[in-house]
Amino acid sequence: MAPLLRQRARRSVTTLGQWGWETLESAEVDLEHHIRYDALPTPGGTDQLMALVSALHAGLLDRSRPLWEMHLIEGLADGRYAVYTKIHHAFTDGVAGMRLLRSALSADPDARDMPAPWEPRATPPRPAAGPSGGDFNPFVLPGTALRTARGAAAEVAGLLPALAGSVDRAIRAGGGSLTLTAPHSVLNVPIGGARSFAARSWPARTSEAGRQARRRHHQRHRPDHVRRRAAHPVDRARALPDSPLIAMVPVSLRGDQDDKGGNKIGTLMCPLGTDLPDPAHRLQAVRAGMGQGKAAMRSLSHTQNLAMSGLGAAPLAVGMLLGRSGPIRPPNILISNVPGPETPLYWNGARLDALYPLSIPFDGQALNITCTGTDDQIAFGLTGCRRTVPDLHPMLGHLDDELGALETAAGL
């Protein structure tokens, strides 16, 4: 088995109670536990597949084992099959996970005898980093320590202007690592353990529709007396808020050649323009917010981006402890875009027809929307708390409507 998939989370007295990774030998991993077989009543359709995946996604991974599962699902129409993979976010982020998927597939439709997805791939040896033992020079160490200390001091000094800039953009409801203007919405509630999932693919035209589908969702779920602009705060909280919804958007901090596991992501907050009735104006608002946020991230170092991202996510953690009535509210929803393969991919001659991303809602963020591309299509995966958003399928229709509205606004 590949080394990444043999890692088990472990903590002990020797790690001072902190979690770390223990790499098991292949013989120590019960492969039959991690590889599962499921079947739909033939001929299975997409609705049945999504219902099964929703149930599979709700189960917790066994913390005493490597934190992943893979399910082969048969019974789909036309001889197709699906593979559902669940892997803990501590193992890998979206970009590294996509690279892991690509490494298991081939661009050659005639390739055969390909290894199983969990088996290691042959990779060229990498040169060892740093000087060898024979090059060790103790006189180099003081200079290295001094440069490290100077770098750390520069990082700390840079945090103050970074924080000031983040607060200024947050006050002005701009894009950045922090939000101070996120409204209360029907999505900002405690979540349960059950999950709902819905997904669909479209021609790769735009991903902006995902942001605006929530606007229609909020309008659809507010009662008639709220549509009449009732003043009661509880009723108003169920409506589409007057101020724009705020999305938390993960941004990869990985280099192009970095395919290791773990998480290397920052986050930025983006106003979604849900208070604007015109689709073209909503698109302009999202572009402006993302542009501000990306420009701010480019001006910071890796460490500073992590620090600012941690600050931006802090309201979620505070909300879990103190409730959601404080002055600083968490972002309303998490939206992610994970670049997928740009060419057709195969596994032993079987073509990858669709790739539907499943992700995780958070306590205080009951809906996650992730999109990814495969070849000439873009797929939206909607993962939600089943108690809060039990039926996500209507939102797929809102996505389709918004794509049409954006095309009309753009004159396409």
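Is Glu 69 buried or exposed? The model here is predicted, so local features need pLDDT of at least 70 and side-chain atom pairs count only at pLDDT 80 or more, while totals for chains, interfaces and linings use all residues. Residues are numbered from 1 along each chain as its sequence is written, and side-chain values use heavy atoms, with hydrogens and water left out.

**Exercise 1.** Classify Glu 69 and Arg 36 by their accessibility.

*Solution.* Start with the cut-offs: buried means under 20% relative accessible area, exposed means over 50%, and partly exposed lies in between (1.4 Å probe, protein chains only). Glu 69 has 9% relative accessibility, so Glu 69 is buried. Arg 36 comes out at 28%, so Arg 36 is partly exposed.

**Exercise 2.** Describe the sheet that holds β3, β4 and β5.

*Solution.* First, the terms. Strands are DSSP runs of E with at least two residues, and helices are runs of H or I with at least four, numbered from the N terminus. Two strands pair if DSSP finds at least two bridges between them. Now read off the order: β3-β4-β5, in an open sheet of 3 strands with mixed pairing. The edges are β3 (35–44) and β5 (82–87), each pairing on one side only. Next, look at β3 and β4 (residues 68–76): they pair in the parallel sense over 6 bridges. Within this sheet, Asp 38 stands opposite Ile 73 in β4.

**Exercise 3.** Find what joins Arg 36 and Glu 69, and where each one sits.

*Solution.* You need a salt bridge, which is a side-chain nitrogen of Lys or Arg within 4 Å of a carboxyl oxygen of Asp or Glu. The closest N and O atoms of Arg 36 and Glu 69 are 3.4 Å apart, and the two form a salt bridge. Then place them: Arg 36 is in β3 and Glu 69 in β4, 33 residues apart, which links distant parts of the chain. This is one of 8 salt bridges in the structure.
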